[in-house]
Amino acid sequence: MSFRGRLFLAFLVAVLVPLGALAFGVRREMNRRLTSQYEERVTALVSVIETDLSRESEAVAGRLAALASDIVRDNRFRLAAISGDQSARRYLLDYAGSAMRLAGLAMLQIQDSAGVIISSGHFRNQFDQRQPELPRAVMDHRDTLVLVQTRTPEAPLLALARSDSFRLGGKRFSLTGGIEAARWLQRWDRPDSEVAVALVYPGVVPARSPDEQVVREVRIPFLDLLSSSGREAADSRLLVTHETATLEALRRGVNRWFLLALGLTAAVATIAAAWLSSRISRPLRELASKTAAIDLDRLDQSFDTDRRDEIGALSRLLGAMTERLRASSTRLREAERRAAIGELARQVTHDIKNGLTPIRNVLRHMGQIVNEDPTSLPEVFKARRGTLESSVEYLDTLARNYDRLSPGTERRPYDVNTVVRQVVANATRDGVQVHAQLAAAHPQALGDALMLRRALENLVGNGLDSVAGRPDGVVTVSSELVGSLPDRVRITVSDNGPGMTRAELDRAFDDFYTTKTGGSGLGLSIVRRLVLDLNGTLRVETEPGVGTRASIELPTVPNNPETP
């Protein structure tokens, strides 16, 4: 078989097998979902029916309890039921009928302890008859309704009943009442619904359609008071059925459309596979394999070819592209190397300028003293000697760090207030005041003191530049302990300069972005990297015309007691 034939069969199998699996899977899922929806509807209806039965049971029980309470307080009923006063007999005969209508019941019967009916609301002529099985059977199912078939003057009555009892004059009386079952069933008789509810009890079996399927049964105790053979309680059933004709019609429709879609898709797939197999050839796969192997570290693929067709043109095009990638890769590596060296050089220059600034200020100050008061030069030198030594030590440490091409990071405790004092002492600018507001307790941070000093000198330098030329310019450096333990130390550098707009703040941390004449644009970028290396956080708050506030939070030394 030719390659084209094999490719055709492969495409055909690769398309038809997943497509067939997908079609049958979707069909099965649709059938399952349709059946599940029907079952969920029936289950929900059964749940509603059971809930309604329980609610009706509680309602009937509540009405009977209220009637029992009213009877106990009714003196005329007491006189008629206890003393047997014949003058009150009519009142007793009519009592159950009136109470039944007032309570909204379809059945109500009051019996004494011997089972003698003393008042019947649904059949008044049952007075003085014995029917002890009614309250006994209903009381056996105290927490649920019982289906009772009893007699009325017009026709038999099916009632959902419950019983209650009360004591009167030292005697116990039973009270049995209920609602009409047929009227309750009318709630669920919906002509437009495929779900039906029917009541089945001994001697009655409703007719069902062949398409109807019983999906749920709810059993209800049953008592037949009309039976002459015996009156023991049996079971009735509340059948929930639904017609399957609509469901089967839906299933047939789904099957028909899926078979049609599957046939059409198979035809399209066959045509597409034949077309693809005629267009694709082995040289193209080989060309794709060579192309997939190309990356910046492997540009040695050869695309030489003698073909004069489209595949040959594509091969020569890919070869030329590989040559361009090879040349571009070389230039990119050289540019990355130069950029890295330039970045390192700019950072070294920026850090050295920060270290030389205090030395330049001290020398300028001493030059002024030589011109104005040479005799005080030794005292001035003695006072400013610490600044010179601190700056020289700073530059010497920078030189040692950069000599290793990677600045070293020490992890040891240091006094934050000491670092702040050094920065404030070295920060001088004509007409600008630099204040220090230090925490009373000497906060001990864990990290590299030199890195913190570099960060603070950059922030203080930015603050001095922002208030330069303002007679009321002030830069303040403060330290404080924050947190509940405390577990953080916060160093804040604030100024009352012109501040920044939101757009300027968004770009303030970008490399080489500056709003100062002659600035390098690396200050805040370096500060951010230094604070991150110290496991700290940096937050800058600014408002145009008000000033800028930069806060650094660093972790304190674990379990470090505060020292005064």
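## A walk through the predicted model

Asn 535 is partly exposed, with 47% of relative accessible area. Keep in mind as you look around that this is a predicted model. Asn 535 sits in the loop that leads from helix H13 (523–533) to strand E14. Its backbone deserves a glance too: the phi angle of Asn 535 is near 60 degrees, a positive value in a residue that is not glycine.

You will find Asp 128 in the loop between strand E2 (117–120) and helix H4 (133–139). With a relative accessibility of 45%, Asp 128 counts as partly exposed, because that class covers values between 20% and 50%.

Now let us go back to E14 and the sheet to which it belongs. Here 5 strands make up an open sheet with mixed pairing, and their order is E10-E12-E13-E15-E14. At the edges are strand E10 (433–437) and strand E14 (537–543), each of which pairs on one side only. Direction ignored, neighbouring strands of this sheet are turned against each other by 15 degrees on average. As a reminder, strands of a sheet pair through backbone hydrogen bonds, either parallel or antiparallel.

E10 and E12 run parallel and are joined by 5 bridges. Within this pair, Val 434 stands opposite Val 475 in E12. On the next step, strand E12 (residues 474–482) and strand E13 (residues 488–495) run antiparallel, with 8 bridges between them.

Helices come next. Helix H10 (residues 416–426) packs on the sheet, where it touches E10, E12 and E13. The direction of helix H10 makes about 175 degrees with that of E12. Helix H11 (residues 449–467) lies across E10, E12, E13 and strand E15 (547–555). Relative to E13, helix H11 runs at about 25 degrees.

Why does Ser 174 count as buried? Its relative accessible area is 13%, and buried means under 20%, so Ser 174 falls in that class. Leaving aside residues up to four places away in sequence, Ser 174 touches Gln 109, Ile 110, Gln 111, Pro 135, Asp 164 and Ser 165.

Rolling a probe the size of a water molecule over the atoms shows where empty space is left. How many cavities of 30 Å³ or more does the count give? The count comes to 1 cavity, and the largest cavity has a volume of about 30 Å³. Which residues line the largest cavity? They are Leu 160, Ala 181, Trp 184, Leu 185, Leu 199, Ile 220 and Leu 238. By class, this lining has 7 nonpolar residues, with no polar and no charged ones. Helix H5 (residues 181–185) provides the largest share of the lining, 3 residues.

Note on methods. Residues numbered from 1 in each chain as written. Predicted model: local features only at pLDDT ≥ 70, side-chain atom pairs only at ≥ 80, totals over all residues. Heavy atoms only, no water. 1 Å grid on protein atoms, 1.4 Å probe; cavity = no way out; pocket = protein on both sides within 12 Å on 5 of 7 lines; lining within 4 Å. Points joined across faces, edges and corners; volume = space filled by probe spheres on them. Helix = DSSP H or I, 4+ residues; strand = E, 2+ residues; numbered from the N terminus. Nonpolar A, V, L, I, M, F, W, Y, C, P; charged D, E, K, R; others polar. Buried < 20%, exposed > 50% of the residue type's maximum accessible area, 1.4 Å probe, protein only. Contact = heavy atoms within 4.5 Å. Pairing = 2+ DSSP bridges. Axes fitted to C-alpha atoms, helices over the stretch in contact; angles between N-to-C directions.
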